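This report covers the overall fold first. It then turns to backbone angles in one loop.

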Amino acid sequence: IGGIMIYIFGRVSGAHFNPAISLALFIRQKLSAMEFGLYVAAQIVGSFIACLLFVLVRRGKFNNFAGNEIQFGVLDPDDESKDGWSYFGAFLMEIILTFILIMFILASCEKDNYLGPSLGLAFSLTLLACSFIGGGVSGCSMNPARSLAPAFMQLFHGENKNPIKQIWIYIVGPILGGVIAALVWPIFIYQ
């Protein structure tokens, strides 16, 4: 879906659907403060609209509603121990995967590296690879807006409270990954 969205909206808005990406571009001075604020506001509103549409498609059912949540005991379903390492591992995974995603975006959008029509496909493959790597650890959000809306929707519906309790992982992790990528990227440009 990400690649398709790039093809549809790339020329309109740069296909910004992720506050972590917009923050990295703001740090790299590719966006003004006003553009950054408008992008993030639109991303969050868009996430809530997408969640509402998803609920309508599911006939109002909120259970297992696409909210990221650390699944304890994934490798051993009988082990229900909830320790800090699970949270730390998920947090670290969100930082690392978002860093990889944003490094790809920064690299592929440079004039010398611009991928043109193949950008959507390359982005989709990068996203797929990150999902395979981190899906079982953190759910592989890499997008604060994408995690925020489902967590709030589940909270207000009164079902699963874990996504809102763990939302810090899915906001702070991707933001840190984006900031690190934006600060590290110049090292690769000037080589």
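Helices here are DSSP runs of H or I with at least four residues, numbered from the N terminus. The model is a predicted one.

**Overall fold**

The protein chain holds eight helices and zero strands. Read from the N terminus, its elements run α-α-α-α-α-α-α-α. The chain has 191 residues, and 39% of them count as buried. Take the contacts between residues at least 6 apart in sequence: 71% of these join residues at least 24 apart.

**The loop between α5 and α6**

Helix α5 spans 119-134 and α6 spans 144-157. Cys140 lies in the loop between them. Met142 lies in the loop between α5 and α6 too.

Met142 is not a glycine either, and its phi is positive at about 60°. Most residues other than glycine have a negative phi.

Are these side chains' residues buried or exposed? Cys140 counts as buried because its relative accessibility of 8% falls under the 20% cut-off. Met142 has 2% relative accessibility, so Met142 counts as buried as well.

| Residue | Phi | Relative accessibility |
|---|---|---|
| Met142 | about 60° | 2% |

In short, the loop between α5 and α6 holds Cys140 and Met142.

Note on methods: Residues numbered from 1 in each chain as written. Predicted model: local features only at pLDDT ≥ 70, side-chain atom pairs only at ≥ 80, totals over all residues. Heavy atoms only, no water. Helix = DSSP H or I, 4+ residues; strand = E, 2+ residues; numbered from the N terminus. Buried < 20%, exposed > 50% of the residue type's maximum accessible area, 1.4 Å probe, protein only. Contact = heavy atoms within 4.5 Å.
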